Amino acid sequence: MTATAHVGVTGLAVMGRNLARNLARNGYTVAVHNRTPARTNALVEQFGDEGTFVPADSAKELVASLQRPRRLIIMVQAGDPTDAVIDELAPLLDPGDVLVDGGNAHFTDTRRREAALRARGIHFAGVGISGGEEGALHGPSIMSGGSKEAYQLLSPLLDDIAATAPDGARTVAHLGPDGAGHFVKMVHNGIEYADMQLITEAYHLLRHTAGYEPSQIAEIFRTWNTGRLNSYLIEVTAEVLAHTDPSTGLPFVDIVADRAGQKGTGRWTVQTALDLGTPVSGIAQAVFARSLSSQDTLREAGRTLLGPTRRVLGSQDAARFADQVEQALYAAKVVSYDQGFHQIRTASDTYQWDVDLATVAALWRAGCIIRADFLDRIRDAYTAEPRLTSLLRDPHFAEEIGQAQWAWRAVAATAARDGVPAPGMSAALAHFDTLRTERLPAALIQGQRDYFGAHTYQRTDQDGSFHTDWAGDRTEHRTR
Ligand SMILES: NC(=O)c1ccc[n+]([C@@H]2O[C@H](COP(=O)([O-])OP(=O)(O)OC[C@H]3O[C@@H](n4cnc5c(N)ncnc54)[C@H](OP(=O)(O)O)[C@@H]3O)[C@@H](O)[C@H]2O)c1
């Protein structure tokens with residue numbers, strides 16, 4: 001077989017197929033392969049006229065069809081299937097070739113795979129590709145990890161297929177070595193969970209406290225979408241809320257079972273945050289809220305628990321409340337993003353990735369699910385101060401959130417008083433207030449820990465570690 005293809009794609013389910021088409025539409029000759037050949041044949045039959053595809057029946061044929069240094073993208077199920085494909089391909093590759101994992105791999109797997117392939121002279125780039133099947137076809141947001149050398153070989157091609165931000169920049173970048181790309185993609189998905197949770201809490205409050213119907217809430221969201229909350233997620237939420245179920249004539253949202261699914265990247269974000277010791281309460285609340293929604297037995301048992309009598313606001317109060325909800329949603333959203341960026345910063349420092357947070361914000365402005373106008377502001381904040389400790393310290397956000405906090409507090413208080421669950425908004429407010437608090441009760445926790453476990457404590461007025469003899473005469477001893 002002659003080596004004519006500029007790039008190869010193996011794994012031709014929704015993502016791989018559309019990525020291959022995107023590459024072909026951009027003028028690349030694309031070698032295509034799938035474990036089950038039917039998918040390869042279907043791609044060529046249905047979309048063969050979109051560009052030049054070179055179908056391959058086997059891994060050997062696929063590798064033989066690629067120009068050198070070879071660039072080969074794996075788009076298969078994450079986990080063991082990805083290892084199986086790498087094991088099959090690696091012996092066929094030569095030093096200097098680039099193997100890309102475009103799936104949703106866990107970043108620790110990517111680190112392991114990168115090290116193993118580097119030892120054989122093969123570049124392995126873990127690349128987060130966001131935007132679902134539409135993004136893969138029309139332009140995703142691309143978060144690349146791996147070596148700089150690998151990125152040099154990939155960037156012309158990735159640049160061509162990425163989405164374009166409103167300022168004309170392509171949403172693709174090299175974020176750091178080994179697992180950096182997949183880590184940032186994972187946090188992107190975690191933030192997506194938090195964003196969705198907050199939006200649905202806003203809907204729930206507008207429905208149950210303000211008394212609006214789904215179609216009215218759709219209109220409210222459409223209005224919000226013209227302001228600082230402008231984002232893809234607000235836009236699609238309005239579309240879903242405005243939809244009527246054709247078979248019953250009821251609002252669509254009322255006939256959908258209220259059990260939220262999840263594929264796992266949100267859970268990974270929280271698990272990783274626990275390991276790194278970074279607080280991502282917004283993402284955690286979102287993951288737990290989805291889990292709780294699916295706990296049928298627990299929910300059934302809890303339905304008759306006592307709570308406040310439902311009350312609905314009058315129309316003037318409802319309009320004022322809607323304005324407060326907009327402010328609460330915005331403030332809580334900023335906190336959730338801040339937590340996600342902090343998690344990326346912590347991982348970047350831990351693994352020496354040197355991830356530029358302004359670049360991350362810029363990448364998420366188009367092609368991905370969390371694309372939103374306010375990412376421009378986040379990019380600007382990190383551009384002005386790359387080591388910014390918290391977005392809430394940025395002068396612009398500090399002022400905005402400082403003003404929004406009164407409405408945010410009112411909404412959280414109303415939710416608590418009326419018994420409407422708003423875990424995301426409330427947790428974000430608690431995070432904000434924790435940051436503001438001069439002296440935390442953590443001091444008392446240290447006292448408790450020293451009392452029952454001799455875990456020691458530090459003092460505010462002296463260096464070193466101390467233990468108090470709680471069981472004896474309560475004298476204090478310096479332990480270090
Ligand atoms: N779907 C999305 O919206 C989305 C968005 C972003 C990222 N991703 C990630 O992109 C990747 C691809 O996603 P997808 O939804 O297109 O496909 P998928 O359903 O995750 O995986 C199906 C593909 O994996 C292949 N496969 C499974 N086990 C294999 C094995 N042991 N050896 C070789 N091939 C194997 C399948 O081949 P056969 O046809 O032979 O079964 C098929 O091509 C995943 O990592 C996913 O997490 C998906």
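The charged end of Arg 290 sits over the ring of Tyr 193, at 3.7 Å from the ring centre; a charge counts as sitting over a ring if NZ of Lys or CZ of Arg is within 6 Å of the ring centre and within 35 degrees of the ring normal. Another such arrangement places the charged end of Arg 459 over the ring of Phe 466, 6.0 Å from its centre. The model is a predicted one, in which local features need pLDDT of at least 70 and side-chain atom pairs count only at pLDDT 80 or more, while totals for chains, interfaces and linings use all residues. Residues are numbered from 1 along each chain as its sequence is written, and side-chain values use heavy atoms, with hydrogens and water left out.

Rings also meet one another. A pair of aromatic rings is described by the distance of the centres and the angle of the planes. Rings of Phe, Tyr and Trp (its six-membered ring) pair if their centres lie within 6.5 Å, and planes under 30 degrees apart count as stacked, over 60 as edge-to-face and the rest as tilted. By this rule there are 14 aromatic pairs. In one of them, Phe 374 and Phe 397 have ring centres 6.4 Å apart and planes at 85°, so the pair is edge-to-face. This pair links distant parts of the chain, 23 residues apart: Phe 374 lies in the loop between α16 (357–363) and α17 (375–384), and Phe 397 in helix α18 (residues 395–418). Helices (H or I, at least four residues) and strands (E, at least two) are DSSP runs, numbered from the N terminus. Both Phe 374 and Phe 397 are buried; buried means under 20% relative accessible area, exposed over 50%, and partly exposed in between (1.4 Å probe, protein chains only). Elsewhere, ring pairs link Phe 107, Phe 183, Tyr 351 and Trp 353 into a cluster.

Helix α10 (residues 232–242) has Leu 233, Ile 234, Thr 237, Ala 238 and Leu 241 as its buried residues. Seen down the axis of α10, these fall within an arc of 140°, so they line one face of the helix; the arc is that of the directions from the helix axis to the C-beta atoms. Their cover includes α8 (180–208), α9 (214–224), α11 (252–255) and α15 (315–351), where contact means heavy atoms within 4.5 Å.

Ser 141, in strand β7 (residues 141–144), counts as buried because its relative accessibility is 0%. A polar atom of the Ser 141 side chain lies 2.8 Å from the backbone oxygen of Leu 363. A polar contact is a pair of N or O atoms within 3.5 Å; within protein, one must be able to donate a hydrogen and the other to accept it, and residues adjacent in sequence count only if both atoms are side-chain atoms.

Turning to the ligand, 19 residues surround it, the closest being Met 15, Asn 34, Arg 35, Thr 36 and Arg 39; a residue is near if one of its heavy atoms lies within 4 Å. An oxygen atom of the ligand is 2.4 Å from an N or O atom in the side chain of Thr 36. For Asn 104, a polar backbone atom is 3.1 Å from a ligand oxygen.

Arg 68 and Pro 69 are joined by a cis peptide bond, with omega about -10°. Gln 352, not a glycine, has a positive phi of about 55° and counts as exposed at 68% relative accessibility.
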